[in-house]
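Me: I am new to this structure and would like to know what stands behind the words used for it. Please show it first and then take my questions in turn.

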Amino acid sequence: MCKHILNAQVAIRAACCKKWFDCAECHQELENHPLLKNIEMVFACKKCKKVFRKDITDYDESDEYCPHCDNHYVLKAVTQESKEIQKFENLVKEVKQ
């Protein structure tokens, strides 16, 4: 489970070491080499557990969904910081009411 992106819907296979990570920051923390960027990305859907590839040079809105189970995996990232900000915003709204 990714501690950086709390709502990660896919794991990403790093082209440099062929290992699976939930995000680039996870790779950076766990490996001693830079993440190799590639035009083809390999994903594993966390909902259906199936693997699929995407060419990022030909990526459009329909590519935001797993081709096997239609899970929408391109979402606004929820991070620990964004959760804290949301709590604060909710508190401010309550105080204003």
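Reply: Helices (H or I, at least four residues) and strands (E, at least two) are DSSP runs, numbered from the N terminus. From the N terminus on, the elements run β-β-α-β-β-α, which gives two helices and four strands. This is a predicted model, in which local features need pLDDT of at least 70 and side-chain atom pairs count only at pLDDT 80 or more, while totals for chains, interfaces and linings use all residues. Residues are numbered from 1 along each chain as its sequence is written, and side-chain values use heavy atoms, with hydrogens and water left out.

Me: What makes lysine 54 and aspartate 63 a salt bridge?

Reply: A salt bridge is a side-chain nitrogen of Lys or Arg within 4 Å of a carboxyl oxygen of Asp or Glu. For lysine 54 and aspartate 63 the N to O distance is 3.1 Å, so the pair meets the rule. Aspartate 63 has a relative accessible area of 14% and is therefore buried. By this rule the count comes to five salt bridges.

Me: How do you know that lysine 3 forms a salt bridge with glutamate 29?

Reply: The closest N and O atoms of lysine 3 and glutamate 29 are 3.3 Å apart. The pair links distant parts of the chain, with lysine 3 in the segment before β1 (10-13) and glutamate 29 in helix α1 (residues 24-30), 26 residues apart. Lysine 3, at 57% relative accessibility, counts as exposed, whereas glutamate 29, at 48%, is partly exposed.

Me: What does the salt bridge of lysine 19 with glutamate 31 tie together?

Reply: The closest N and O atoms of lysine 19 and glutamate 31 are 3.2 Å apart. Lysine 19 lies in the loop between β1 and β2 (20-21) and glutamate 31 in the loop between α1 and β3 (40-45), so the bridge ties together parts that are 12 residues apart in sequence. Lysine 19 is partly exposed at 40%, and glutamate 31 is buried at 18%.

Me: What makes a patch of negative charge on the surface?

Reply: Patches are made of residues with over 30% relative accessible area and no salt bridge; like charges are joined within 9 Å, and nonpolar side chains (Val, Leu, Ile, Met, Phe, Trp, Tyr) within 5 Å. Lys and Arg count as positive and Asp and Glu as negative; His and the chain ends are not counted. The place of a charge is taken as NZ of Lys, CZ of Arg, CG of Asp or CD of Glu. Asp55, Asp58, Asp60 and Glu61 gather in such a patch. Aspartate 60 is found in the loop between β4 (51-55) and α2 (80-96), and its relative accessible area of 43% makes it partly exposed.

Me: Which residues make the nonpolar surface patch?

Reply: Ile39, Ile56, Tyr59 and Val74 make this patch of about 320 Å². Accessible areas come from the Shrake-Rupley method with a 1.4 Å probe; for residues, only the protein chains shown count as cover. Isoleucine 56 lies in the loop between β4 and α2 and, at 41% relative accessibility, counts as partly exposed.

Terms used: Buried < 20%, exposed > 50% of the residue type's maximum accessible area, 1.4 Å probe, protein only.
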